[in-house]
Amino acid sequence: MSSRFCGPLGLGAGVRLAILIVGIFVVVSFRSTSAAAPLLPTLPKAPVIPIPKLPFGSKFHLLDTTIDEVQSAIKAHELTCVDLVQLYLARIKAYNGLCVDQGPQAQLGPVTLIPDAGQVNALMTLNLRPANRIALGFDAHHSRSQTDLVDDDPSMPDALETAAAEDASFRKTGKMGPLFCVPMAIKDEYDTFDMRTTSGADAQYANDRPPADSVFVKRLRNAGAIILAKANMGEYASGDDRSSWGGVECNAYDSTRSAGHSSTGSGLSVTTNMVLCAIGEESGGSIIHPANWSDDVGLAPTQELVPRTGMIQASLYNDRVGPICRNVRDTSKILDAIAGYDPSDELTAFSVGQLPEQTYASFTSPAVVKGPQPLKGVHVGVLREWDVAWAVPDQESVNLFENDIQVFRNLGATIIDPGPGNNLFDDVIPKLFPYLEPATLQSDDPLLFSSGTQIQDILALWFNTSLFPSTVDAPNIRSLGSNGSSTGELTYVLNRYLENRGDPTITNINSLVANSTFWTDPNFGVSQMGSLVSAENVATLNTTAKQIRRFTLQQIVRQKLAKDGIDVLIAPTTTIPPYVLIDATEPTAHGRPSNGYSTLGANGIPELTVPAGFTTVSYDHPRSSPSTSIEVSTTLPFGILLQGAPFSEPLLLQVGAAFEQATHARVAPPLFPPLPGEP
C-alpha cells in the first residue's frame, strides 16, 4: 500500500499501591450492526494507568517496538523492564475491554456486535498478584487464579515482580538473556504454573493452576521472557472467536469481524501492542489465520520441532506450538528459545540433528535480508492451487498475490510458476498418489479400477499418468486435506492430560463436562460441550488413516521440492477476508475452505505468514440468508504464506524477513493508537 494509517511506579514484590484509579475502561453504547464504514483513526483514549516517565532524551517508542529495540533501550538506560511492563499494562487497561454487548448472561449468552468498538478482549488472565491487580483497576475475572485468592506464594512472582528482578539482575551483572524483558501472552491451552489454565473453559478445577509449566513456557522464562498474560481463545482450540471464560474476541481492524479462530487472543494482543510476542497453537491453521487477520507474523513450525508437553491437546498428530510477533526477526528469536528435543514429547526426537548450527535469528539479520537481491539463488515455487478466484470474494486477494510474486522476483529469487489456472503439483500427485493411497483412490474413482486386478490398474497409472483424473476436484493439494480422519484422538489426549494434571475434582472428560458451564448463542453456532460429550465414551483409538495421509502429503511435497529444486512455496495465506462474527461464512469451493487453507500445515509442514497488504472489499452472508452476498467496503489485512520441507525454518525465516524488509506492509490497527504520554 502506498499510504499508512496516519518514571517507574515503583511496583515491587508485595507492594500495595496507593493509586486511585478513576473510571472503568470505556462506556460503549449500542450501535447498529449494519455494514461498517472504512476504518478511520480515532483520538487516543485517556490512560487509566499512569504512563511511566522515561529519562529525558529517551528515543524509545512503544508502538510496534521490537525485541532488539527494547533491549537496546534498556542497555542505554532509556527504559527499564518495569517501565515496559507498565506501558503494556496501560494499553491492556485501555484496549482489552469487551468488544461486544454481552447482555444479561455476560460471556455465556447471546451478544450484539459493536462497530468500531476500540476493544478486542484478547487477554483473559493477567499475571498480577491481587494487590497489584486491584491497585491498577483490573477486575477479579482477570485474576491469575480463581482458586487461590490470597495468592502470596513467593515462588510465584507476578509480571511486575519478575520485571523488577530482571532490572536488578541487569544492574548487577550487565548481562541479558536472549529474551530478557520480553513480555508475552500465552494461549490458555498451555500450562502455566502461576496462572489458571483451562483452554478458555469455565471449568471448576479444584486448583485452576496446573502443577508445572509447559516445557516451552519454562524455556521462555529461562531465556528471560516475562509471561504477562494468558490469551483468550476459541474454547478447546475450536473454530470460534469466543470462550466460556473469556467471552468474544473481535478483529482489531473491524470489531464486527472474526480475528481468525482458536489462537485469536494471541494474534490480537500482539497487533494491538499489549505484548511484544505471543504463543499460539495450530492444529489446522490456528496460528497462521489469526496472525494473518491481525496483520502479524505467525510461524507454525515443523510439528516435531517444539515440545507440546503441558498442553490441553485436541490431537496427537496435528497440534503444534508456534510464535506470533509483529515482525519476522522477533519470531525467529522466540523460536530459538523454544525449539529442540525434550524426552517428554517423543515427536521431538525427530528434531535431533535438525536444528541449525547458527541461531534462527541469524537468518533474519539485516546483513542477510537487506541489499539489492538478498534472495539470489533461492528458488520459489508458486502454489497456484491456493491462488484461484473461485468466487468474487477471492479475486482481490488473488490480485494482491500477483504483486507479491513480482516482489520475490525483484529480490532476486528464481520463480517456478505453472501460471494462473494451473497446478504446481500436477506432475507429482498423479504419479505418487495411486500407490500411496490406492484404497482411497479406488473408493473415490472406481472406474479407474476396471481390469479386475488392483495392482495392474495402479501400474497402468504409474506408466501412463494421463489416465489419472484431471477434473478440478481430482486429488490435489486442495482436496487431500479433507480426508485422513481418526477416531478417539480427543478422548485419548484430553483424558491423558487430565490424569497427568492430577486435579482431584476434574479427573477425566466426564467430570470435566460435569464441572463446566458452556456459552449458548444461536448466532455463534454451538459451543464445545457437544464435542466433549461425544468424546466421553469413545472406546477405540485409531489414527491409521491420519498417519497415512500425513505421510502421503509429506512424500508429495518433498518429492516436488527435490525434483524441481524448489526451496520455498508461496501462496496467499487466505483469499477470503474476515467474515462478520454472527454471519454465515463464505461457502467452500473445490477444496478452498471458508477461511483459509491448512492442508500442508495440518500434516506437519512448516508455515510462515507475513503481512502483505490490505483488501478493501468484503462480501458478507447474513446468517438468515447465507446465499445472499452483500458487498461492503472494508480495510482488512492480507498475508502471504511461505512453506517448505520439514525443518526448513531457517530458510523460511530468511525469505520472510527479506519480503518484509522490501514491503513494510504491516500497519498497526488505527483504532489502537498510542495512549497520551506513551513514548
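**Exercise 1.** How do the residues of the lining of the second largest pocket divide into nonpolar, polar and charged?

*Solution.* A heads-up before we start: this is a predicted model. Begin with the space itself, as the second largest pocket has a volume of about 510 Å³. Next, see who lines it: there are 22 residues, and Thr66, Asn327, Glu660, Gln661 and His664 are the closest to the pocket's centre. Among the elements that give two or more residues to this lining are helix 1 (67-75), helix 8 (328-338) and strand 16 (607-620). Helix 18 hands over the largest share, 4 residues. Now sort the lining of the second largest pocket by type, and you get 7 nonpolar, 6 polar and 9 charged.

**Exercise 2.** Take helix 2 and follow it to an aromatic pair.

*Solution.* Helix 2 covers residues 81-95 and spans 21 Å from its first C-alpha to its last, close to the expected 21 Å. As for cover, 15 of the 15 residues in helix 2 are buried. The structure has 9 aromatic pairs. One of them joins tyrosine 95 and phenylalanine 672, with 5.1 Å from centre to centre and 70 degrees between the planes, which makes it edge-to-face. Tyrosine 95 belongs to helix 2, while phenylalanine 672 sits in the segment after helix 18, 577 residues apart. Both tyrosine 95 and phenylalanine 672 are buried.

**Exercise 3.** Why is the pair of tyrosine 435 and tryptophan 462 edge-to-face?

*Solution.* Check the distance, then the angle. The ring centres of tyrosine 435 and tryptophan 462 are 6.1 Å apart, and their planes stand at 65 degrees, so the pair is edge-to-face; the cut-off for that label is over 60 degrees. One more step: the charged end of lysine 431 sits over the ring of tryptophan 462, 4.2 Å from its centre.

Definitions and conventions: Residues numbered from 1 in each chain as written. Predicted model: local features only at pLDDT ≥ 70, side-chain atom pairs only at ≥ 80, totals over all residues. Heavy atoms only, no water. Expected span 1.5 Å × (residues − 1). Buried < 20%, exposed > 50% of the residue type's maximum accessible area, 1.4 Å probe, protein only. 1 Å grid on protein atoms, 1.4 Å probe; cavity = no way out; pocket = protein on both sides within 12 Å on 5 of 7 lines; lining within 4 Å. Points joined across faces, edges and corners; volume = space filled by probe spheres on them. Nonpolar A, V, L, I, M, F, W, Y, C, P; charged D, E, K, R; others polar. Phe/Tyr/Trp six-rings, centres within 6.5 Å; stacked < 30°, edge-to-face > 60°. Lys NZ or Arg CZ within 6 Å of the ring centre and 35° of its normal.
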